[in-house]
Amino acid sequence: DKLLKGLNITIRHPFFDASDEFNQMIRDFNLNNLWGIHATGVVSGGTIGLANDLNAGLVEDDLVIGMGTDLLAAQPDTQFVPLDDYARDAKFGVTGLFTEGSPFSEFVPRFGESTHYSIPLAYNAGILLYNQSWAQELGFTSIPSDREGLLSLAQVAREANQVDANYFNNGTGGLWLSQTPLSAQSWYRSYGGEFQVQEAGFVPQPEPLMASFHFLKTAYDANQTWIGLEPTSYRYFSDRYAVITEGSLESLPFQAAYQETGTYQDDWTTLSYPGSNGVSYLVLEPLSFAIQQSDSNSDLAAWIFANWLLEPAQQARLVEIHGLWPSTGDPTVVAPDYASTHPYWAAALNSNPIIAVVPESADWASVRLVFQDAYQRVYNLDADYFLSILDVFGQTTQINQEQRP
């Protein structure tokens, strides 16, 4: 332990818009850790900026916090430490920090069964934002529990915008499509699609992929869904251009800010993606940490800091910073104050959705973009060509697989 006293480590993180709050956490660690370790924060421009910094070889820090797939994709150029021995250590282990009975229990890392180079700190999720006030005005007193119900609401909202005094909102009102990688994966999953990665790379199951394509194309052609000129839906949702929008946990603080300043001051909540027969689905992408190989003392010091971030008190503080769901337990239990102040935050879990976490594989950083591309093509093609999207998907993932070092 004396070897760690006065040791300096750096923590690379993506929290550029909450760097003051994260730096305060680091200061608290520096003041209170028993080993005399001194940590310093180094910020990247969000998770995308951090991924770009990793790809450019600019990240030389001891501990790196970023999207799990981006961390894994950085190997082998970036040398990360296998974490299983640390995680199972009698003194410094973390297995007891992941609570049983949470919505994410199924995804608790099984240390030792395979090599873990990253461990989830939190989960981002693809969700739907639902305008309760407007839906009730339109006659929908309860939240629809299936796709057909959502499209019925979308149709009524579209018709309402068509006949109001605002010419500029004609053609809007229904479900706004985000066309993000998380959205694409969520539609595929909502039709029962699985994410298993084969040795030859990932290829989606044809039936759920085609079924989701046809659903999205049909709804789009009927103007029940639409794609905006603006890349974000904050204003569209706030100004009643969309009764439902696609979003993610990352987007919720921005939407909340818009709601507070908008004309309508509507009540709103979040939903999981509807499947069939009242079943709903969520796809999660982990925000994780990894440790860059250095000397054994620096590696241990970085692990001690990461271990500290997984403690309940720090998990609750991190929620205030990143707005995601903590990986270690039920969000409403880990961060009860945040959950009560932001009632929409964990609402998508209320329907007991079937949850999937994207594969822990280096390839998934590119596969998620192939998903996005595939779902963007649907709206400009006749349904006869949908099978060709599947062919392109398979070819693209195979090429990406072959080009990996």
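Mentor: A residue is called buried under 20% relative accessible area, exposed over 50% and partly exposed in between, using a 1.4 Å probe and protein chains only. This is a predicted model, in which local features need pLDDT of at least 70 and side-chain atom pairs count only at pLDDT 80 or more, while totals for chains, interfaces and linings use all residues. Residues are numbered from 1 along each chain as its sequence is written, and side-chain values use heavy atoms, with hydrogens and water left out.

Trainee: How many salt bridges does the count come to?

Mentor: The count is 11 salt bridges, where a salt bridge is a side-chain nitrogen of Lys or Arg within 4 Å of a carboxyl oxygen of Asp or Glu.

Trainee: Which residue forms a salt bridge with Asp 266?

Mentor: Arg 240 does, with the closest N and O atoms 2.8 Å apart. The pair links distant parts of the chain, 26 residues apart: Asp 266 is in the loop between helix H10 (252–261) and S8, and Arg 240 in the loop between helix H9 (234–238) and strand S7 (242–248). Helices (H or I, at least four residues) and strands (E, at least two) are DSSP runs, numbered from the N terminus.

Trainee: Are Asp 266 and Arg 240 buried or exposed?

Mentor: Both are buried.

Trainee: And what do the side chains of Glu 285 and Arg 368 form?

Mentor: They meet in a salt bridge at 3.0 Å, N to O. Glu 285 lies in strand S10 (residues 280–291) and Arg 368 in helix H15 (residues 364–377), so this pair ties together parts that are 83 residues apart in sequence. Glu 285 and Arg 368 are both buried.

Trainee: Which residues do salt bridges with shared partners join into one network?

Mentor: Arg 12, Asp 53 and Asp 61.

Trainee: Changing topic, which residues touch the most other members in the largest nonpolar core?

Mentor: Phe 22, Phe 289, Trp 303, Phe 305, Trp 325 and Trp 345 do, in a core of 69 residues. Such a core is a set of buried Ala, Val, Leu, Ile, Met, Phe, Trp, Tyr and Cys residues joined through side-chain atoms within 4.5 Å. Helix H11 (residues 296–309) supplies the largest share of this core, nine residues.

Trainee: What is Trp 325 in contact with?

Mentor: Leaving aside neighbours within four places in sequence, its contacts (heavy atoms within 4.5 Å) include Phe 104, Tyr 123, Leu 282, Pro 331 and Trp 345.

Trainee: Where does Thr 269 lie?

Mentor: Thr 269 lies in strand S8 (residues 268–271) and is buried, with a relative accessible area of 10%.
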